[in-house]
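Open the model in your viewer and keep the sequence panel beside it. The stops below can be taken in order.

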Amino acid sequence: MSAVRVFQRLVNTYLGAGASDRLSRYVYDGAYSLPQWQEISTFNYGYAPCDDAVAEGWPNEPHQIQLYAEVAKAVQAAARAPEPARLLELCCGRGGGLAYLDAALSPRATIGIDRSLAAIRHRRNGNAAIAHLQGHALQLPLPDASIDVAVNVEALADLPKLTFLAEICRVLAANGIFAVADTMPHGPEACHLGLIDLGRKSGLEVVSFRDITMNVCEACRIDDQRRSELVNRLPRYLRPIAREWVSLPGTTRFGQFERKERCYFIAVMVKNAARLQS
Ligand SMILES: C[S@@+](CC[C@H](N)C(=O)[O-])C[C@H]1O[C@@H](n2cnc3c(N)ncnc32)[C@H](O)[C@@H]1O
């Protein structure tokens, strides 16, 4: 287990989940405020290989945007309407991925929500058509049934999953779609079954599940030089934690992906209005 996880467990055990939540908030706020990392618009592990259009259009962070491209493909495969009317990204960070989704899915309205003001401010004026709101994923500042497609990239694992999914279900319209990309410390089958169970309890039905662990592992490997360079811009005392965070080859997290002890997946869930009524 990585030093970061051990530390998180200790905080959870002795100070409670609320303290762990606050700690995670400070860590993200700190990272988003770093002057050394201002040019980055995404914070995720990435996906390889990249489509030509993504590699050409986003040369600074092609793998991170490609992860969003794979999520967009999963949404399109599950969607009944070709273009969603209202798109929401939960925990959108600085919003680089949301800008990609907005261009790829052409919704009528696009909203990004993150609790980090530093992240929200970063993209405030990036695309005037996209609303960036500060808010908590477990108490979304949105009315019931107001969203057609909700997306989350890499926050599910850090949140109380059932509460998070129930809140997403609340804001989704009937037959609305939720697409999620994240990692869990289990094999693909256990992750898939776990999501089906969580979905059943929260009113969401899993309609597709794709294990992309090897694509994520490959992205970490190919992107090693760029990530190392970002880590080396930081003060020395932060570098060991940052290496783990970006999953450089040789870190605990990278080894878990490589040995398939941890699955990275893209899943799509649909709000099952009929089941919720029964
Ligand atoms: C790994 S980053 C991913 C950011 C973005 N999806 C991306 O791929 O670039 C996780 C994000 O979740 C946000 N987050 C974590 N807990 C949250 C919560 N309870 N409510 C809203 N945002 C949260 C963090 O501020 C951070 O921006």
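Predicted model: local features only at pLDDT ≥ 70, side-chain atom pairs only at ≥ 80, totals over all residues.

Residues are numbered from 1 along each chain as its sequence is written.

**Whole chain.** Show the cartoon: the chain has 13 helices and 7 strands. These are DSSP runs numbered from the N terminus, with helices being H or I of at least four residues and strands E of at least two. Of the 278 residues, 42% are buried, meaning that 20 or more other C-beta atoms lie within 10 Å of a residue's own; 12 or fewer makes it exposed, anything in between partly exposed, and C-beta atoms are placed from the backbone. Among contacts (C-beta atoms, placed from the backbone, within 7 Å) between residues at least 6 apart in sequence, 67% join residues at least 24 apart.

**Ligand.** Select the 20 residues around the ligand; Thr 42, Asn 44, Cys 91, Gly 93 and Ala 137 come nearest. A residue counts as near if its C-beta atom, placed from the backbone, lies within 6 Å of the molecule. This shell has 10 nonpolar, 6 polar and 4 charged residues. Here Ala, Val, Leu, Ile, Met, Phe, Trp, Tyr, Cys and Pro count as nonpolar, Asp, Glu, Lys and Arg as charged, and the others, Gly among them, as polar.

**Helices H7 and H8.** Next select residues 161–171 (H7) and 188–202 (H8), which pack at an angle of about 55° with their axes 9 Å apart. H7 is therefore oblique to H8. Show side chains for Lys 161, Leu 162, Leu 165, Ala 166 and Cys 169 of H7, which meet Leu 198, Gly 199, Lys 201 and Ser 202 of H8. By class, this contact has 5 nonpolar, 2 polar and 2 charged residues.

**Backbone details.** Most residues other than glycine have a negative phi, and most peptide bonds are trans. Go to the loop between helix H2 (17–33) and helix H3 (52–57), where Pro 49 lies; the peptide bond from Ala 48 to Pro 49 is cis, with omega near 0°.

Move on to Ser 247, in the loop between helix H11 (239–245) and helix H12 (252–258). Its phi is positive, near 55°. Is Ser 247 buried or exposed? Ser 247 is buried, with 25 other C-beta atoms within 10 Å.

End at Lys 260, in the loop between H12 and strand E7 (263–271). Lys 260 also has a positive phi, of about 55°, but counts as partly exposed, with 13 C-beta neighbours inside 10 Å.

Methods
Axes fitted to C-alpha atoms, helices over the stretch in contact; angles between N-to-C directions. Parallel < 35°, antiparallel > 145°, perpendicular 65-115°, else oblique. Contact = placed C-beta atoms within 7 Å.
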